[in-house]
Amino acid sequence: MAPSAKVLAVVNQKGGVGKTTTSVSMAASLAELGLTVLLVDFDPQGNASSGLGLRASSGDPSVYDMLLEAIDPAEVVVPTTQPGLDLVRATIDLAGAEVELVSAFSREHKLRRALDALRPSYDVIVIDCPPSLGLLTVNAMTAADGVIVPIQCEYFALEGLGALRRNVDLIREQLNPQLEMTGFVLTMLDARTRLSQQVVDEVRAHFGDRVFKARIPRTVRLAEAPGFGQPITQFDPSSRGAMAYRRLAQEVVERLDTRVAQQQMSDGQGAVA
Ligand SMILES: Nc1ncnc2c1ncn2[C@@H]1O[C@H](COP(=O)(O)OP(=O)(O)O)[C@@H](O)[C@H]1O
Ligand SMILES: [Mg+2]
C-alpha cells in the first residue's frame, strides 16, 4: 500500500509567533527521526524557503503554480540540506492567489487537490501558513489532517485564539470533517520571567493536554539559523532550540500514529532523548 502523508498546517493569524521557525525546525526534526517529510511554504513572504537557503523569485516554480494547476506538483519539489526533507517554495506570486482564487470553482480545495499527487511519497507534510485566516489558510486547513498552533509567550498570548478555534470548527463542519486540533506549542519561552510562567499556566488552563509538553525556549541560535540557510538541527544540533524541537517532533509522531511511532511501538522503544 502506498504511504499517505499526514498533513499538518501550522496556523496562527498573528505574525511573529514562531510559525515559520516551528514549521522548519519541526519538519527537519521529523526527517531526522527517519520520516520522509515535505515542507510546504505557504506564505507569500517565503520565509521558510529563504530560511532553508532556497529563496525563489517571482516566476520560479512555486506553490503558486501548484494552486493554479499550472504545473505537475512533483516539478515544484526541491530537496533541502536535511536528508529526508523536501520543500515546496513560495514566492511573492502567492499574494495574488488570495484574490485570483476568489471566483475559482472549489477554491478552498486547491491545495488539497495539488497535495493529493504528493501524499503517497511522504510520511508527513507540514504547511507553513501566512499570518491571516484568509483563503490561503483556509486552503491549508482544508488540506490538513491536523492543526498545530504556535503561541508566543507574551502578553495577550490567548488573544485571537477564539477566532482561530471557531475557524477550525467551521472548516471541520463545512470542508474537512477529519480536521483535528493536533496541539498548541509554546514558543519563545523565557523560563526566568514570571510572565512566561503565567502564559504557560493560562494556556494549559484553556487547552489542557492539547498543549505539547515540549516548550520552545527563546534563544538567539533559533533566530540566527535562517540567516545561514539551515534548520536549527543542522545549524546547531546540540543547542537548546534543536533539542526542544526534537522533543516536539517526537510528541507529534506519537499524536499522529505515523510509521515511525508504529515502528517504535513494535520495537518497544521509548521517546528519543
Ligand atoms: N524560540 C525563538 N527564540 C528566538 N527567536 C525566535 C524564536 N522563534 C522565532 N524566533 C524569531 O522570531 C521572529 C518571528 O518568528 P517566525 O517563526 O518567523 O514567526 P511567524 O512565522 O509566526 O511570523 C523571527 O525573526 C524568528 O527568527
Ligand atoms: Mg512565517
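The structure is a predicted model, in which local features need pLDDT of at least 70, side-chain atom pairs count only at pLDDT 80 or more, and totals for chains, interfaces and linings use all residues. Residues are numbered from 1 along each chain as its sequence is written, chains are lettered from A and ligands numbered from 1 in the order in which they are written, and side-chain values use heavy atoms, with hydrogens and water left out.

**Figure 1. The protein chain as a whole.** The chain holds twelve helices and seven strands. These are DSSP runs numbered from the N terminus: helices are H or I with at least four residues, strands are E with at least two. The radius of gyration is 17 Å, close to the 19 Å that the globule rule gives for 273 residues, so the chain is as compact as a globular protein of that length. That radius is taken over C-alpha atoms, and the rule is 2.2 Å times the number of residues to the power 0.38. Along its principal axes, the C-alpha trace spans about 50 × 40 × 35 Å. Of the 273 residues, 53% are buried. Buried means under 20% relative accessible area, exposed over 50%, and partly exposed in between (1.4 Å probe, protein chains only). The chain exposes about 11,900 Å², of which carbon and sulfur atoms supply 52%. Accessible areas come from the Shrake-Rupley method with a 1.4 Å probe; for residues, only the protein chains shown count as cover. Among contacts with a separation of 6 or more, 79% join residues 24 or more positions apart. A contact means heavy atoms within 4.5 Å.

**Figure 2. The shell around ligand 1.** The shell has 14 residues, and Gly 16, Lys 19, Thr 20, Thr 21 and Pro 217 come nearest. A residue is near a molecule or strand if one of its heavy atoms lies within 4 Å of it. Backbone atoms reach the ligand at several points. A backbone N or O atom of Gly 16 sits 2.7 Å from a ligand oxygen. For Thr 20, a backbone N or O atom is 2.9 Å from an oxygen atom of ligand 1. A polar backbone atom of Thr 219 lies 3.0 Å from a ligand nitrogen. On its own, ligand 1 has 560 Å² of accessible area, and the protein covers 78% of this. Helices α1 (19-32) and α9 (220-224) each supply at least two shell residues. The largest share, three residues, comes from α1. By class, the shell has six nonpolar, six polar and two charged residues. Ala, Val, Leu, Ile, Met, Phe, Trp, Tyr, Cys and Pro count as nonpolar, Asp, Glu, Lys and Arg as charged, and the others, Gly among them, as polar.

Figure 3. Asn 176 is in the loop between α7 and β7. Its relative accessible area is 1%, so Asn 176 is buried. Beyond four places in sequence, Asn 176 touches Arg 112, Met 141, Thr 142, Ala 143, Ala 144 and Ile 171. Helix α6 (residues 135-143) is mostly covered, with nine of its nine residues buried. Among them are Met 141, Thr 142 and Ala 143.

Figure 4. Asp 145 is in the loop between α6 and β6. Asp 145 counts as buried because its relative accessible area is 14%. A polar atom of its side chain lies 2.7 Å from the backbone nitrogen of Val 7. Its side chain also makes a polar contact with that of Gln 178 (3.4 Å). A polar contact is a pair of N or O atoms within 3.5 Å; within protein, one must be able to donate a hydrogen and the other to accept it, and residues adjacent in sequence count only if both atoms are side-chain atoms. Leu 179 is among the residues that Asp 145 touches. Leu 179 lies in the loop between α7 (161-174) and β7 (180-187). Its relative accessibility is 2%, so Leu 179 is buried. Val 168, one of its contacts, is eleven residues away in sequence and 7.7 Å away C-alpha to C-alpha.

Figure 5. Most residues other than glycine have a negative phi. Phe 156 has a positive phi of about 65 degrees. Phe 156 lies in the loop between β6 (146-152) and α7, and is exposed at 61% relative accessibility. Phi of Met 188 is near 55 degrees. Met 188 is in the loop between β7 and α8 (194-207), and is partly exposed at 21%.
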